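I opened my notebook to get to know a new structure. Here is what I looked up, step by step.

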Amino acid sequence: QYKAVAEKKAKTELVRKYSDHARGALEIMKAVSDRLPAGVTLSDWRFTREGGVTVRGETDEKDEAYQIKDKLAEMGTEELEDGSRGEPVFKIVDLGSVNFQGGRHKFEITCEYEEPEQ
């Protein structure tokens, strides 16, 4: 009976995990695109449900790469109906180097859900 209960529990957790669309690819992609400054073009998108998202892109102005990084770091902390603030979606938001190539600033931003174990 223990084995049957453990299997049922594992199936229930799996269904629960995939029924939660808050961290789904489409929801995260929409949330990221809603926060893009006008001059930013994304060229690559890598998503894992457990890990987070890495985006690469380019922009006319270097400051816009920092703006999108800041907006992604604040994602989820908008004011709620009760006046409190939500928890950030990503625990770590890292802007790699910003390189000027071909007349545009190219960047990569890595956003992780959880902090790595120490």
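This is a predicted model: local features need pLDDT of at least 70, side-chain atom pairs count only at pLDDT 80 or more; totals for chains, interfaces and linings use all residues.

Which residues of strand β3 (residues 92-95) lie on its covered face, and which on its uncovered one? I found Val93 and Leu95 on the covered face of β3, while Ile92 and Asp94 sit on the uncovered face.

Next I looked for the partner of β3. I found strand β5 (residues 104-112), joined to β3 by 4 bridges. The two strands run antiparallel. I also followed isoleucine 92 across to β5, where its bridge partner is glutamate 112.

Then I stepped back to the protein chain. I noted 3 helices and 5 strands, and from the N terminus on I read their order as α-α-β-β-α-β-β-β. The protein chain is more spread out than a compact globule, because its radius of gyration is 18 Å, well over the 13 Å that the globule rule gives for 118 residues. For its extent, I wrote down a box of roughly 65 × 35 × 30 Å, filled by the C-alpha atoms and taken along the principal axes.

I turned to burial and surface. Of the 118 residues, 26% count as buried. The protein chain exposes about 8300 Å², and carbon and sulfur atoms supply 50% of that area.

I checked contacts too: among those with a separation of 6 or more, 51% come from residues 24 or more positions apart.

My last entry is on charges. I have 19 positive and 25 negative ones for the protein chain, and their mean positions are 7 Å apart.

How values were computed:
Residues are numbered from 1 along each chain as its sequence is written. Side-chain values use heavy atoms; hydrogens and water are left out. Buried means under 20% relative accessible area, exposed over 50%, partly exposed in between (1.4 Å probe, protein chains only). Two strands pair if DSSP finds at least two bridges between them. The radius of gyration is taken over C-alpha atoms; the globule rule is 2.2 Å times the number of residues to the power 0.38. Contact means heavy atoms within 4.5 Å. Accessible areas come from the Shrake-Rupley method with a 1.4 Å probe; for residues, only the protein chains shown count as cover. Lys and Arg count as positive and Asp and Glu as negative; His and the chain ends are not counted. The place of a charge is taken as NZ of Lys, CZ of Arg, CG of Asp or CD of Glu.
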